[in-house]
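Notebook open, viewer loaded. I'm jotting down what I look up as I go.

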Amino acid sequence: MAFSKSTFLALLSASAFSNIDAFAVLPGARLQTVSATSPFIRPFVSHPPVASSLLVTLSSVDDLISEDEDDEPEPDFIVSAEDLDAPTNEDFTPSDRFVHMTNIQEAREKYRLHENDSGSPEFQVAGMTERISYLTSHLKTHPKDFSTRRGLVAMVNKRRRLLNYLYSESEERYVNLVKSLGIRHKAPGRVESREEKYGRFPGQKNKKKHQK
């Protein structure tokens with residue numbers, strides 16, 4: 001419904017004097033004009049309102065604030081405490097890397113000589129053996145991983161040198177370690193002299209001198 005400027009001002013002034021909501025629409029009734037005896041406004045022709053079963057009024061700011069305060073605030077969390085404690089059916093398996101690092105730690109703790117041991121041949125060989133087994137299984141799945149293959153060969157050579165050193169220090173410790181870890185290693189022997197190494201072969205024939 002459209003009002004002219006003069007009509008709108010008249011409605012506002014009439015509502016101010018008589019405490020009437022100028023924009024109230026009563027259901028099932030025609031819009032009543034303000035009393036024509038008022039000296040401030042002029043009577044105007046009313047139009048039938050749109051049929052409605054609701055009473056439309058302008059709510060004040062206080063009413064809107066009170067309605068907002070009545071609403072309970074939503075909880076500010078994603079998962080409730082009950083959901084965290086609830087049992088789940090999902091099976092979480094540790095990663096291969098986690099299992100590998102755990103096995104290395106257990107092997108080192110098993111073969112260390114004392115509590116603070118971190119550099120004995122047994123400690124190092126036990127960790128390297130577990131690492132070598134892991135890299136070997138990795139290369140079976142990824143045969144073209146040449147950088148890993150190079151590191152594996154270097155680690156095997158380092159373990160062999162450590163076992164040679166352990167054999168020279170204590171043959172008993174060497175035998176126990178190789179047997180418990182299942183390492184294929186040939187114990188180093190005494191370095192043979194030239195005569196002992198090549199004495200069983202026939203000597204070189206003398207070359208014939210050219211006769212003039």
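I started with Arg200, which counts as exposed because its relative accessibility is 64% (exposed is over 50%, buried under 20%, partly exposed in between, with a 1.4 Å probe and protein chains only). This is a predicted model, so I note that local features need pLDDT of at least 70, side-chain atom pairs count only at pLDDT 80 or more, and totals for chains, interfaces and linings use all residues. Numbering runs from 1 along each chain as its sequence is written, and side-chain values use heavy atoms, leaving out hydrogens and water.

I found Arg200 in the segment after α8 (194–198); helices here are DSSP runs of H or I, at least four residues, numbered from the N terminus. Its side chain reaches the backbone oxygen of Lys197 at 3.2 Å.

Next I checked α6. Its 24 residues (146–169) should span 34 Å at 1.5 Å a residue, and the end C-alpha atoms are 35 Å apart, which agrees; the expected span is 1.5 Å times one less than the number of residues.

Which residues of α6 are buried? I get Thr148, Leu152, Arg159, Leu162, Leu163 and Leu166. Their cover includes α5 (121–141) and α7 (171–181).

Then I looked at the α6 and α7 pair: the axes come within 5 Å and cross at roughly 140°. Axes are lines fitted to C-alpha atoms, for helices over the stretch in contact, with angles from 0 to 180 degrees between N-to-C directions. Contact means heavy atoms within 4.5 Å, and the residues making it include Leu163 and Tyr167 of α6 and Tyr174 and Leu177 of α7.

Definitions and conventions
Helices (H or I, at least four residues) and strands (E, at least two) are DSSP runs, numbered from the N terminus. A polar contact is a pair of N or O atoms within 3.5 Å; within protein, one must be able to donate a hydrogen and the other to accept it, and residues adjacent in sequence count only if both atoms are side-chain atoms.
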